[in-house]
Amino acid sequence: MARERKFTTEELYKTTEELLLTHHYEGFQFSLVADHLRVSRGAIYKYFENKEELITEYMLFKMEQFLQELKEIYSIEGFHSQFDFLLNLMFKNPELYQLIEIGKRVPVHINEKVKENMEKLESYHIEMYRYVEGLIESGKSEQQFNPNIPEPVILGYIFQSVAIPNHFGIPHDKWVQSIKEIICHGIFKDL
């Protein structure tokens, strides 16, 4: 019997991300992962009972990476620099929004591990929002935001901007800069 090829966690998560973004939750299967890694499905089952465990473990990994980077916001001086950092970080990870949406499809009660992972993911989402809420509160106290717009609307608008599809292939830098401009100044030219 031939020895099973080994794969790293990094290879597994990279493959998981690619396949989730291509096939979404419904089309994601261990057989696809195994084919991409050139291993048997059994090699994947050694570590994960089902696809939901793998997906949620990957999502925890991805959110932990994002939160680690987001913590750097506290080392940045000034509201505008912090805001710029946040938007750059979000657009550096545009797949995060898609993955969060895919994660909403994962049934929570598949098994105890999936349930625990989903609870932890929810706590990470809350932690992410708290960072941004702190930034928004700072901006409001410095009178950088329109006081007539409720904070949840500002928060939602910022996070939803990542999901705007770039159907026309505008270069990434110009795309990000344009969205920043809309968030900060609106779509109307100065009168």
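Is Lys92 buried or exposed? Lys92 is exposed, with a relative accessible area of 51%; here buried means under 20% relative accessible area, exposed over 50%, and partly exposed in between, with a 1.4 Å probe and protein chains only. The model is predicted, so local features need pLDDT of at least 70 and side-chain atom pairs count only at pLDDT 80 or more, while totals for chains, interfaces and linings use all residues. Residues are numbered from 1 along each chain as its sequence is written, and side-chain values use heavy atoms, with hydrogens and water left out.

Helices (H or I, at least four residues) and strands (E, at least two) are DSSP runs, numbered from the N terminus. H4 comprises residues 51-70, and its 20 residues should span 28 Å at 1.5 Å a residue, the expected span being 1.5 Å times one less than the number of residues. The end C-alpha atoms of H4 are 28 Å apart, which agrees with that expectation. Because 15 of the 20 residues of H4 are buried, the helix is largely enclosed by the rest of the structure. At the N-terminal end, Asn50 caps H4: a side-chain oxygen lies 3.2 Å from the backbone nitrogen of Glu52. A polar contact is a pair of N or O atoms within 3.5 Å; within protein, one must be able to donate a hydrogen and the other to accept it, and residues adjacent in sequence count only if both atoms are side-chain atoms.

The whole structure holds 7 salt bridges. One of them joins the side chains of Glu57 and Lys113, at 3.3 Å from N to O. This pair links distant parts of the chain, with Glu57 in H4 and Lys113 in helix H7 (residues 112-141), 56 residues apart. Glu57 counts as buried at 19% relative accessibility, whereas Lys113 counts as partly exposed at 35%.

A salt bridge also connects Glu69 with Lys92, whose closest N and O atoms are 2.2 Å apart. Glu69 lies in H4 and Lys92 in helix H5 (residues 79-92), so the pair ties together parts that are 23 residues apart in sequence. Glu69 is partly exposed, with a relative accessible area of 22%.

The side chains of Asp84 and Lys180 form a salt bridge of 2.7 Å, N to O. Asp84 belongs to H5 and Lys180 to H9, 96 residues apart, and the pair thus links distant parts of the chain. At 34% relative accessibility Asp84 counts as partly exposed, while Lys180, at 10%, counts as buried.

The 14 residues of H9 should span 20 Å, and its end C-alpha atoms are 20 Å apart, in agreement. Its buried residues are Trp175, Val176, Ile179, Lys180 and Ile183. They cover an arc of only 130° around the axis, which puts them on the same side of H9; the arc is that of the directions from the helix axis to the C-beta atoms. Asp173, Lys174 and His185 are exposed on the other side of H9.

Ile164 is placed in the loop between helix H8 (151-160) and H9, and is partly exposed, with a relative accessible area of 42%. Its C-alpha atom is separated by 9.7 Å from that of Pro94, 70 residues apart along the chain.

Terms used. A salt bridge is a side-chain nitrogen of Lys or Arg within 4 Å of a carboxyl oxygen of Asp or Glu.
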